[in-house]
Amino acid sequence: MLIGVLFGLALLLGGGGAALAAPGATLVASYQATPPTTLAAGAVAPVSVTVVNAGDEVWPSSGATPVHLSYHWYDGAGNAVVWNGSRAALGQDVAPGQSRTVTIPVTAPAAAGAYTLRFALVKEGVAWFPPGPPHALTVPAAFQAAFGAVQLPTFVATGTYTVSVPVTNTGVNAWNAAGANPITLSYHWHDATGATVVWDGLRTALPADVPAGGQ
């Protein structure tokens, strides 16, 4: 009885050792891409990415667990702010050593700031591949302005004054002077403590549309 138990244990250990020694397939890729360095908040840009199968497993383009191209967004501190980026199909199976160029629509984060974009393949329902190299991108606000020096007169209570205000469109969207939802210049009044006493100042229409970078 003791011999039988020992014999069974030896078979179990032998089988387990053989299974653990078997090499496992790896999901490894190299990536080549040149995304834009600036992308408006929430904007979508197509990016061409060349991926090379550097592992030992064929990447299936269809079936129950296909391999797709995706991406991650990271903030300035290295935290992932968008993990599950949009997906792009490979179009055909990719064997080890083969490459495939895929165009993927990349959507910028909704908030302005400095970000890092990294492309990554994913075997759906199984695992993410290690991501590719980081690409630094700036996401400016869609609507943003910079104001130049303003010469103010001496104000008298209830008086109305005309002030020249140089302003530059530092965002990525053009300012429309007319039509639906036009851009106008206004102002706020604050007292000595910083409290707002007038928020909705008079509106002044732009003389013409102002493109991004225009003044």
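Predicted model: local features only at pLDDT ≥ 70, side-chain atom pairs only at ≥ 80, totals over all residues.
## Overall make-up

The protein has 215 residues, of which 26% count as buried, and its secondary structure consists of one helix and 15 strands. Among the contacts in the protein with a separation of 6 or more, 62% are accounted for by residues 24 or more positions apart.

## Nonpolar cores

The largest nonpolar core holds 28 residues, and the members that touch the most other members are Y31, W59, L69, F119 and L121. At least two residues of this core come from each of the strands β1 (29-33), β2 (44-53), β3 (67-74), β6 (99-107), β7 (113-123) and β9 (135-139), with β7 giving the largest share, namely five residues.

When residues up to four places away in sequence are not counted, L121 touches A29, Y31, V51, W59, V67, H68, L69, L90, W128 and F129.

## Aromatic pairs

A search of the whole structure finds five aromatic pairs. One of them joins W83 and W128, whose ring centres lie 5.6 Å apart; their planes stand at 70°, and the pair is therefore edge-to-face, since this angle is over 60 degrees. This pair links distant parts of the chain, because W83 lies in the loop between β4 (80-82) and β5 (88-89) while W128 belongs to strand β8 (residues 127-128), 45 residues apart. W83 is partly exposed at 39% relative accessibility, and W128 is likewise partly exposed, with a relative accessible area of 25%.

Another pair is formed by F155 and W189, with ring centres 5.4 Å apart and planes at 80°, so that this pair too is edge-to-face. Here again distant parts of the chain are linked, with F155 in the loop between β10 (145-147) and β11 (167-169) and W189 in strand β13 (residues 189-190), 34 residues apart. F155 is partly exposed, its relative accessible area being 37%, and W189 is partly exposed with a value of 39%. Ring pairs also bring Y161 into the picture, linking F155, Y161 and W189 into a cluster.

Notes. Residues numbered from 1 in each chain as written. Heavy atoms only, no water. Phe/Tyr/Trp six-rings, centres within 6.5 Å; stacked < 30°, edge-to-face > 60°. Helix = DSSP H or I, 4+ residues; strand = E, 2+ residues; numbered from the N terminus. Buried < 20%, exposed > 50% of the residue type's maximum accessible area, 1.4 Å probe, protein only. Core = buried A, V, L, I, M, F, W, Y, C linked by side-chain atoms within 4.5 Å. Contact = heavy atoms within 4.5 Å.
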